[in-house]
Amino acid sequence: MNTEKTRIATHSDYIVGQISQRLFGSFIEHMGSVVYTGIYEPGHQAADENGFRLDVLEKIKALNLGVIRYPGGNFTSGYDWKDTIGPVENRPQKIDLAWRAIEPNTFGLNEFMTWIKMVGAEPIWTVNLGTGNIDEARNIIEYCNFPKGTYWSDLRREHGVEEPHQIKLWCLGNELDGPWQIGAKSAYEYGRLANETSKVMKLVDSSIETVLVGSSTPRLSSFPSWDRISLEEAYDNVDYLALHNYIDKYDEDDLTKPPKKERDDTATYLAKSKRFDRQIEDVIATCDYVKALKRSDKTMYLAFDEWNVHNQPEKQNHSFEIGSPVDWCYFTMEDTLLFASLGLSILRHADRVKIACQSLLVNTIPLILTDANGTCWVNPTYYVMQHLATFAKGEVLQEIKTGPVYDVDKVKSVDYLDSCVVENEDEIVLFIVNRMSTIQRFSYQTDQDLQAEIIHIELSSSSLLDKNTRENPETIVPKEVKEVIQWENQQFEMTLSPYSWHVIRMKK
């Protein structure tokens, strides 16, 4: 056991920022089997009259997600929302070029809105600014949000939706800096289009907020100049700037380099969460540069609306089919520890990151896996997301932290214990990842008098390669224990098991 102890101290007067209700959400895209045989499978024994799989819905509701983004993703840049409304038998079946699939449009705009109301999360809608235009964005917001008395609002009512959907969050396209994107644009082209689109949408409904596309990944050579240029064109008329990032065991810092042949060792892999901290801080600096350039009083907030670990898929199929799996994969305990640290990186920046969406919810690098005509179960990352979405409420406290660190190639001073501390009116919550193969000691000191009995949730496993499968769906599950700790001068000590995720709840 390491003899050096990690020390964490907080004071309730020293706050990083307020945690947004939208900070821990997810993402549904028409990609592979995310929708078809994922959340929607008419004829399944667990499906309701709408075709929604209630076994999957039950697991989604238990996540307590704040927001869910839809309908993409890369899919967005080639879709026409008008194909997805009205009687299902009249909707066209089309080729989806983004994921080389057939899109039947049987699950569309109004189906999604019915489904998300059952989930209890807030919708984020992404408009098509790849092949789409300002007029299409103006029409969809009229269809969704205008009460009645116009062509598009009355068409919605003809489709059986009397009251407007009142969607308040709108993404202005998706990853349009990426050469893989349908309708990719330069930063200036996109910034001008997004600015005018946001202006028009807000003329239809002044209560909405819009999200500007930022760099798809910091590994593109255009990062962060894309963000700067597009922000210079649209700063006054948008409310958030989007960030995306996925991390795996093979990736390099630069997309122009081929993937590494050798997988990262565990220490290097878990250290990659520091990339999120760096990316967020670089984007904040870019936003604040544009704020100064424009002599603006407005602060730009961030929407990290695609993030995840990206493990290698168990199976993959790129034929033109409906619901053909893409990146359908299991996450190991090792992946789960990195996933947890990525979530903590976002939480630590709650003063500026106000929206975040884990990508994706079902079947593609997912929280939840399903079998067509069969069962569903969860990856262990599901539990981390559930803990963050449920218990990361209130304010993030500034940490005064000392303790052992390690260095790997390109990443220095990586804490053995990755942590974040949250306070609300009922409790203080410590979120901790033990990145090490050994038991770790830590102490926590606060300025408050807290109860001796705490609730301690731990997620760990006997091997970093363990995973939950259909045959053994509970290999990795959290265990919750009530413990009595010994406070002394508003401080306690505890040991944490190797390679583990912890939620420590202390009631006031």
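Modeller: In this predicted model, helix α8 gives the most to the lining of the second largest pocket, with seven residues. Two elements give two or more residues to that lining: α8, which spans 274–293, and α7, which spans 266–271. The pocket holds about 670 Å³ of space. Its lining is made up of 25 residues, and those nearest the centre are D253, R275, R278, K410 and V411. By class, the lining has 16 charged residues, five nonpolar and four polar.

The largest pocket can be set beside it. Its volume is about 770 Å³. There are 31 lining residues, and W180, R219, Y246, L255 and H310 are the closest to the centre of the largest pocket. Here the main contributor is a strand: β10, residues 240–247, gives the most to the lining, with three residues. The lining of the largest pocket divides into 12 nonpolar, 10 charged and nine polar residues.

Helix α1, residues 54–61, packs with helix α2, residues 109–119, at an angle of about 50 degrees, and their axes are 9 Å apart. Because of that angle, α1 counts as oblique to α2. On the α1 side the contact is made by L54, L57, I60 and K61, and on the α2 side by W115, M118 and V119. Six of these contact residues are nonpolar and one is charged, with no polar residue.

Notes. Residues are numbered from 1 along each chain as its sequence is written. This is a predicted model: local features need pLDDT of at least 70, side-chain atom pairs count only at pLDDT 80 or more; totals for chains, interfaces and linings use all residues. Side-chain values use heavy atoms; hydrogens and water are left out. Axes are lines fitted to C-alpha atoms, for helices over the stretch in contact, and angles run from 0 to 180 degrees between N-to-C directions. Helices (H or I, at least four residues) and strands (E, at least two) are DSSP runs, numbered from the N terminus. Angles under 35 degrees count as roughly parallel, over 145 as roughly antiparallel, 65 to 115 as roughly perpendicular and the rest as oblique. Contact means heavy atoms within 4.5 Å. Ala, Val, Leu, Ile, Met, Phe, Trp, Tyr, Cys and Pro count as nonpolar, Asp, Glu, Lys and Arg as charged, and the others, Gly among them, as polar. On a 1 Å grid over the protein atoms alone, a cavity is a set of points where a 1.4 Å probe fits but cannot get out, and a pocket is an open set with protein on both sides within 12 Å along at least five of seven lines; lining residues have an atom within 4 Å of a point. Grid points are joined across faces, edges and corners, and a volume is the space filled by probe spheres set on the points.
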